[in-house]
Amino acid sequence: MLIILLWSCSSKPKEQGIDSPQLQKEELVPEVLNERQESLELQEDEGRTEWQNPEFVINLLGDLTNKTVADVGAGSGYFTFKIARKAKRVIALDIDPNSLEYIQNQKSIVGKWADNIDTRLTPADVPNLLDNEVDVVLIVNTYAYIPNKDEYLNRLKKGMKKGGTLLIIDFKTGDIPVGPSDEAKVSSKTLEQSLKKAGFSNTETDNKSLQYQYIITAKN
């Protein structure tokens with residue numbers, strides 16, 4: 001509940017065309033919040049590089065020259081800063097103002113090359129994107145924690161340019177040493193169905209390339 005309180009206390013004024021970060025009716029229950037916190041802590045796991053294979057993931061996004069990328073559930077910026085080296089602009093979206101503050105602090109440390117990173121506070125079920133704002137959306141280890149998933153995907157689609165790419169990576173079910181419990185996961189088949197229902201096309205699933213996670217790509 002602390003995170004929910006932080007949303008309401010730290011919300012920025014409504015930007016033109018962007019949903020103001022107000023709480024929706026459906027809230028994350030404490031058990032799910034605990035699961036999400038454990039997942040976010042994985043971003044600092046020293047062994048994550050081996051099983052996450054971030055360079056492989058970044059390459060899946062394609063040529064990011066002159067592209068705007070939304071990193072949903074950016075956390076401490078594990079992918080944000082890697083994307084920033086290749087994209088024109090990166091929007092780091094997260095429900096936790098402390099995570100976004102950390103990214104801002106890191107920007108001041110790493111130098112000018114990270115000036116293309118923007119941070120944006122958002123409630124759990126609102127993407128907070130302008131219409132047609134981004135070319136690419138990356139969601140890693142976050143989708144399972146989004147409430148009102150169908151409505152979220154519909155809103156996310158509006159924030160993407162026509163022909164834009166959506167890449168979602170999340171944990172496989174089963175006995176694996178990382179990630180939340182199976183009760184807090186969304187299967188790849190369920191996600192595929194949700195994407196098609198929302199109107200995304202060219203949906204492809206890769207269950208082999210990453211050890212503990214599936215990869216789903218789709219086009220707007």
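## The fold at a glance

Strands here are DSSP runs of E at least two residues long, and helices are runs of H or I of at least four, both numbered from the N terminus. The model is a predicted one. Counted that way, the protein chain has eight helices and seven strands.

Of the 220 residues in the chain, 51% are buried. Take the contacts between residues at least 6 apart in sequence: 70% of them join residues at least 24 apart. The accessible surface of the chain is about 10700 Å², and carbon and sulfur atoms account for 46% of that.

## Helix α7

Start with α7, which spans residues 149-159 and has Y152, L153, L156 and G159 as its buried residues. Looking down the axis of α7, these buried residues stay within an arc of 115°, so they line one face of the helix. As background, an α-helix has 3.6 residues a turn, so residues three or four places apart point the same way.

What does that buried set pack against? The partners of α7 are β1 (68-72), β4 (134-140), β5 (160-171) and α8 (188-198).

## Helix α8

In α8, the buried residues are S188, L191, S194, L195 and A198. Their arc around the axis is only 120°, which puts them on the same side of α8. Turned away from that buried side is a face with the exposed residues K189, Q193, K196 and K197.

The buried residues of α8 pack against α7, β5, β6 (201-206) and β7 (213-219).

Most residues other than glycine have a negative phi. N128 is not a glycine, yet its phi is positive, about 60°. Likewise, N202 has a positive phi of about 50° without being a glycine.

Where do they sit? N128 is in the loop between β3 (117-121) and β4, while N202 belongs to strand β6. Buried or exposed? N128 has 2% relative accessibility, so it falls under the 20% cut-off and counts as buried. N202, at 57%, is over the 50% cut-off and therefore counts as exposed.

## Aromatic rings and charges

Now for the rings. A pair of aromatic rings is described by the distance of the centres and the angle of the planes. With centres required to lie within 6.5 Å, there are four aromatic pairs. In the pair Y78 and F79, the centres are 5.1 Å apart and the planes meet at 75°, so the pair is edge-to-face. Both residues count as buried, Y78 at 12% relative accessibility and F79 at 4%. Elsewhere, W51, F171 and Y212 are linked by ring pairs into a cluster.

## A buried aspartate in a loop

Finally, D96. This residue is in the loop between β2 (89-94) and α6 (97-110). Its relative accessibility is 14%, so D96 counts as buried. Which side chain does D96 meet in a polar contact? The partner is S99, with the two side chains joined at 3.1 Å.

Methods. Residues numbered from 1 in each chain as written. Predicted model: local features only at pLDDT ≥ 70, side-chain atom pairs only at ≥ 80, totals over all residues. Heavy atoms only, no water. Buried < 20%, exposed > 50% of the residue type's maximum accessible area, 1.4 Å probe, protein only. Polar contact = N/O pair within 3.5 Å; in protein donor to acceptor, adjacent residues only side chain to side chain. Phe/Tyr/Trp six-rings, centres within 6.5 Å; stacked < 30°, edge-to-face > 60°. Arc of directions from axis to C-beta. Contact = heavy atoms within 4.5 Å. Areas by Shrake-Rupley, 256 points an atom, 1.4 Å probe, with all protein chains shown as cover.
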